[in-house]
Each structure stands twice: as structure tokens, then as C-alpha cells.
Amino acid sequence: MSEEGLEYDRIVQDGPKKADMATNTDDKSIRQAYEDVRLDSSDTEWAVFKHENSIVVCTAKGSNFDEFKEQFGDDDRAFGYIRIQMGDEISKRTKFLFLTWVGKNVGVIKKAKMSTDKALIKAVISNFAVELHLESINEIDMQNFKEQLAKAGGANYGTGIRED
């Protein structure tokens with residue numbers, strides 16, 4: 001039998017070859033970054049997790065918000081985890097925000113896979129007050145994040161001083 005005939009028989013019996021679309025996670029690097037962001041004594045305020053081939057890994061972490069924002073490009077699929085100090089002069093609270101990023105150049109299939117990939121990440125990153133799905137770099141804004149956290153936080157007492 002010819003090579004083409006053998007390939008035809010294989011397709012009929014086994015079905016066509018499919019690209020391996022399964023995403024895996026580097027749980028160790030993700031967990032270490034997650035715990036570093038959550039640790040009060042750490043200077044690390046954020047971590048970013050991106051796809052490297054079919055594995056999601058921690059690709060960056062730091063304390064400068066501008067550097068955090070630089071991690072998200074038009075071709076990227078990523079997740080971010082950030083610690084933000086909330087409250088007023090009387091009551092300070094640390095809140096955490098989780099975001100899913102899909103750049104504008106990401107294809108339909110990869111965009112669709114983000115929901116299942118997010119479930120894998122959330123198996124490790126489980127503590128946050130707000131979750132956002134962002135597709136525009138303008139949405140990665142500290143004021144926007146603080147507003148979302150304030151909305152989710154319930155009581156917001158302000159300074160206690162009434163201005164006349």
C-alpha cells in the first residue's frame with residue numbers, strides 16, 4: 001500500500017491529527033509570585049503570568065505600576081495580580097485585584113481559550129476582591145483599579161470631616 005493510502009487509513013481509523021491545544025501551568029512559579037505579592041513584608045506589589053507556548057508561567061513581578069502596565073501588549077494573553085493599598089487616613093486596607101488581559105491582535109481561538117486558561121490560574125490565585133477582563137491598555141489604570149476595589153469593598157466612610 002502507498003504512503004498516501006496508509007495515511008488515509010490512519011485518518012479513517014484515528015481521526016485527523018489535532019494540534020495540542022491544552023494549556024498547562026507552571027504552578028510553582030505562579031504560587032511563588034502569588035505568595036510574594038500577598039506577603040505584607042514583601043516589596044513585590046504585582047505579578048504577571050503569560051503564555052510561553054502552551055504553558056502559563058510567571059514572566060514578571062515588581063513594585064512599579066508603570067512597569068506592570070508595560071507587561072501587557074497587543075499580541076499578549078496574560079493574567080495580572082496586584083496588591084493595592086486602599087482606605088483613608090484612619091483605616092488602611094490591602095486589597096488584591098486579578099485581571100485577564102487579551103490584546104487586540106490575539107486571534108479568536110486563543111481568545112476563546114482564555115476562559116479555560118483562567119480557571120487553571122485561579123486554581124492557584126484564589127484571593128482577590130475584584131476580577132477584571134481587559135482588552136485596552138487604557139483600562140490598566142490605577143485610578144480605575146481603585147474605583148473598582150472601592151465599589152466592591154462596601155462601606156466607604158471617607159475622612160470623617162465634613163466640608164461646608
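Modeller: Strands E2 and E3 run antiparallel and are joined by seven bridges, where strands are DSSP runs of E with at least two residues, helices are runs of H or I with at least four, both numbered from the N terminus, and two strands count as paired if DSSP finds at least two bridges between them. This is a predicted model, in which local features need pLDDT of at least 70 and side-chain atom pairs count only at pLDDT 80 or more, while totals for chains, interfaces and linings use all residues. Residues are numbered from 1 along each chain as its sequence is written, and side-chain values use heavy atoms, with hydrogens and water left out.

Asn 53 counts as exposed because its relative accessibility is 78%; exposed means over 50% relative accessible area, buried under 20% and partly exposed in between, for a 1.4 Å probe and protein chains only.

On the other pairing of E3, two bridges join it to E1 in the parallel sense, with Val 56 of E3 as the partner of Thr 25. The open sheet as a whole has six strands in the order E1-E3-E2-E4-E5-E6, with mixed pairing, and its edges are E1 (24–25) and E6 (130–134), each of which pairs on one side only.

Helix H5 (residues 142–152) lies across E4, E5 and E6 at about 70 degrees to E4.

The largest nonpolar core has 19 residues, and those with the most contacts inside it include Ile 82, Leu 97 and Phe 145; such a core is a set of buried Ala, Val, Leu, Ile, Met, Phe, Trp, Tyr and Cys residues joined through side-chain atoms within 4.5 Å. E4 gives the largest share of this core, four residues. Apart from it lies another core of 17 residues, among them Val 56 and Phe 98. Leu 97 touches, among others, Tyr 81, Ile 82, Val 130 and Phe 145, not counting residues up to four places away in sequence.

The structure also holds nine aromatic pairs, for which ring centres of Phe, Tyr and Trp (its six-membered ring) must lie within 6.5 Å, with planes under 30 degrees apart called stacked, over 60 edge-to-face and the rest tilted. Tyr 81 and Phe 96 are stacked, at 5.5 Å centre to centre and 5 degrees between the planes, and they link E4 with E5 across 15 residues of the chain. Tyr 81 counts as buried at 0% relative accessibility, as does Phe 96 at 8%. The charged end of Arg 38 sits over the ring of Phe 96, 4.4 Å from its centre, the criterion being NZ of Lys or CZ of Arg within 6 Å of the ring centre and within 35 degrees of the ring normal.

Notes: Contact means heavy atoms within 4.5 Å. Axes are lines fitted to C-alpha atoms, for helices over the stretch in contact, and angles run from 0 to 180 degrees between N-to-C directions.
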